[in-house]
Amino acid sequence: MNQSAPTPVIVVGSVNMDLLFTGLDAIPKPGQTVSSETFRIVPGGKGANQAAAAARLGADVRFVAAIGTDELGDRAWAALESAGVGLEHVTRVAEPTGVAAVVVDKAGENSIIINPGANATVAASQAAAIAELYAGKPAVVLACLEVPIDTVTEWARIAKANDWTFVLNPAPVPAEALPAELLALVTIITPNDTELEQLGSIADLHATGIETVIVTRGGDGADLARVGEEPHHQDVFPTRPVDTTGAGDSFNGALAAAIAEGQDVRDALRFAAATGSLSTRAIGARDGLPTRAEVDELLAR
């Protein structure tokens with residue numbers, strides 16, 4: 001990373017503590033009870049995972065989020081602080097810290113239930129004052145949809161006004177359609193296969209005004225579609241996945257970090273794919289997060 005004048009990555013997103021059940025023979029079906037081999041409580045939340053991934057790679061990360069004043073909130077704060085995430089824009093609120101129940105089968109596949117808690121209090125009204133601190137300088141804003149849509153839309157407006165790159169990870173996709181205004185302000189959108197189906201198609205996303213669409217496809221890599229260019233496929237980097245929880249978050253954090261560094265989109269995509277692959281080597285969303293040196297070593301092979 002260019003440490004002389006780093007471009008900040010402003011991550012707007014969620015903080016959860018994950019109740020993690022692993023070693024299931026299969027993800028339970030409706031009405032079914034299954035046993036897990038292990039249980040742990042580990043830090044998570046899409047925004048927090050993305051922020052931690054980018055920070056571990058050396059990015060200057062400024063996190064916009066809300067955490068409860070409860071014991072889980074204390075643990076979440078400490079985990080982010082130890083990851084090197086800038087926490088000056090994270091508020092502590094009376095609402096309980098967000099939680100997620102994560103079940104992981106023996107093949108590494110997962111299913112997740114979340115309760116937003118404090119994440120629902122991340123307010124659009126806070127955005128302008130925070131953004132003013134970075135006005136006149138380049139920045140990359142990365143947002144997910146585990147915080148209120150109006151907050152994400154406000155950050156998209158601010159990014160457009162400041163000529164910042166705005167990366168939207170549209171997860172989870174809400175039942176109602178995403179605001180047309182939000183989509184029109186997005187620089188790069190990063191749905192996975194399921195999220196793309198919910199949003200329509202790559203052509204539909206281009207029609208909203210989004211020039212760059214990156215579709216993550218798990219073990220099948222990722223596809224880059226830019227208006228006026230030939231489609232580009234990025235293969236996955238071979239690993240032995242232990243747990244895919246958080247792999248998409250690692251991908252998005254790395255993508256934002258690479259763009260902030262000045263990499264073009266194809267190079268940033270390759271960097272993100274390598275990071276995402278390495279992140280699956282340990283249980284939990286963050287235990288497998290790679291360092292910059294580890295990603296560079298994988299890319300050099």
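Which residues does Thr153 touch, not counting residues up to four places away in sequence? Thr153 touches Pro179, Glu181, Leu182 and Leu185, where contact means heavy atoms within 4.5 Å.

This is a predicted model: local features need pLDDT of at least 70, side-chain atom pairs count only at pLDDT 80 or more, and totals for chains, interfaces and linings use all residues. Residues are numbered from 1 along each chain as its sequence is written, and side-chain values use heavy atoms, with hydrogens and water left out.

**Helix α4**

Thr153 lies in helix α4. Helices are DSSP runs (H or I, at least four residues), as are strands (E, at least two), numbered from the N terminus. Thr153 is buried, with a relative accessible area of 4%; buried means under 20% (1.4 Å probe, protein chains only). Other buried residues of α4 include Val152, Trp155 and Ile158. Their cover includes β1 (9–12), β4 (61–68) and α5 (180–185). After α4 comes Asp163, with a positive phi near 60°.

**Helices α1 and α8**

These two helices pack together.

| Helix | Residues | Residues in the contact |
|---|---|---|
| α1 | 46–56 | Lys46, Asn49, Gln50, Ala53, Ala54 |
| α8 | 247–261 | Asp249, Ser250, Asn252, Gly253, Ala257 |

Their angle is about 50° and their axes are 7 Å apart. Axes are lines fitted to C-alpha atoms over the stretch in contact, and angles run from 0 to 180 degrees between N-to-C directions. The pair is therefore oblique: angles under 35 degrees count as roughly parallel, over 145 as roughly antiparallel, 65 to 115 as roughly perpendicular and the rest as oblique.

Notes
Buried means under 20% relative accessible area, exposed over 50%, partly exposed in between (1.4 Å probe, protein chains only).
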